[in-house]
Every structure is written in structure tokens, then in C-alpha cells.
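Please look at the sequence and the structure below before reading on. The paragraphs after them go from the whole chain to single residues.

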Amino acid sequence: MTALENSFIESFSKDTLQLILFPTEQCNFRCTYCYEDFQIGRMTASVISGVKNLVKNRADLRNLKILWFGGEPTAALDIIYDLSAFFRDHCETKQVRYF
């Protein structure tokens, strides 16, 4: 089995959590097909806290996959740094594979 096939199969495992995070709606692309209204701005502190709690409370977690979504998610680089540091530290402590 190839690495790609293994990754696909793992994504359906109960011990894998894959999150697609949208740290800001301040996308600079404004694609005509986009469904976003760009009203929210940035991910709120309560959402950031909720994401961290979701990961912390998954005792069965063995694989954590994070995808950053949006035309320019790095417009909220501080949020990406904050969450990435949390994910890295948590996964290192709990021996969770993080990518």
C-alpha cells in the first residue's frame, strides 16, 4: 500500500482528527465563486479556545491533521502561530502524530 493510500485510510480512523481552520475572512482574492461574505474578520478568542479544547479532550487521538483555509490565512499569522504552537506542544506531550 502506498503512503497516499495509507493516509486516505487513516483519515477515516476514529483516532484521527482533521480540522480545516479559517483564521480570517480577510481574504484578498475575492473570488467570484466564493460563498463567504467577509463579515467575520478574524477567528474570535472563544473559537480559538474551543478549537484547543476540542483537541485536548480527544483522549483517543493519535493523528492530528491541520489545514489552513482561506485565500490568505497568513493575514492572521498570530492566530496560526498560537494554534500551531498549542498543537505542536500538545501532540508532543501526548505522543500524537501532528501534520
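What follows is a walk through the fold, its core and a few of its residues.

The model is predicted. Its mean pLDDT is 87, and 96% of the residues of the protein reach 70 or more. Where pLDDT is low, the predicted coordinates should not be read in detail.

Begin with the overall plan. The protein contains three helices and three strands, and from the N terminus on these elements follow the pattern α-β-α-β-α-β. Along the principal axes, the C-alpha atoms fill a box of roughly 40 × 30 × 20 Å. Of the 99 residues in the protein, 32% are buried. Contacts between residues at least 6 apart in sequence can be sorted by their separation, and 73% of them join residues at least 24 apart.

In what order do the three strands lie in the open sheet? The order is 1-2-3, and the pairing is parallel. Strand 1 and strand 3 (97–98) are the edge strands, each of which pairs on one side only. Strand 2 and strand 3 run parallel and are joined by two bridges. Leucine 64 has tyrosine 98, in strand 3, as its bridge partner.

Leaving aside residues up to four places away in sequence, valine 55 touches Leu17, Leu19, Leu61, Leu64, Phe86, Phe87 and His90.

Three aromatic pairs are found in a search of the whole structure. In one of them, phenylalanine 86 and phenylalanine 87 have ring centres 5.9 Å apart and planes at 65°; an angle over 60 degrees counts as edge-to-face, so this pair is edge-to-face. Are these two residues buried or exposed? Phenylalanine 87 has a relative accessibility of 0% and so counts as buried. Phenylalanine 86 has a relative accessible area of 17%; because buried means under 20%, phenylalanine 86 is buried as well. Ring pairs also bring in Tyr98, which forms a cluster with Phe86 and Phe87.

The last stop is a loop residue. Threonine 24 sits in the loop between strand 1 and helix 2. Is threonine 24 buried or exposed? Its relative accessible area is 5%, so threonine 24 is buried. What does threonine 24 touch, not counting residues up to four places away in sequence? The residues are Gly41, Arg42, Glu72, Pro73, Ala75 and Ala76. With glycine 41 there is a polar approach too: a polar atom of the threonine 24 side chain lies 2.8 Å from the backbone oxygen of glycine 41.

Conventions
Residues numbered from 1 in each chain as written. Predicted model: local features only at pLDDT ≥ 70, side-chain atom pairs only at ≥ 80, totals over all residues. Heavy atoms only, no water. Contact = heavy atoms within 4.5 Å. Helix = DSSP H or I, 4+ residues; strand = E, 2+ residues; numbered from the N terminus. Buried < 20%, exposed > 50% of the residue type's maximum accessible area, 1.4 Å probe, protein only. Polar contact = N/O pair within 3.5 Å; in protein donor to acceptor, adjacent residues only side chain to side chain. Phe/Tyr/Trp six-rings, centres within 6.5 Å; stacked < 30°, edge-to-face > 60°. pLDDT = per-residue confidence, 0-100. Pairing = 2+ DSSP bridges.
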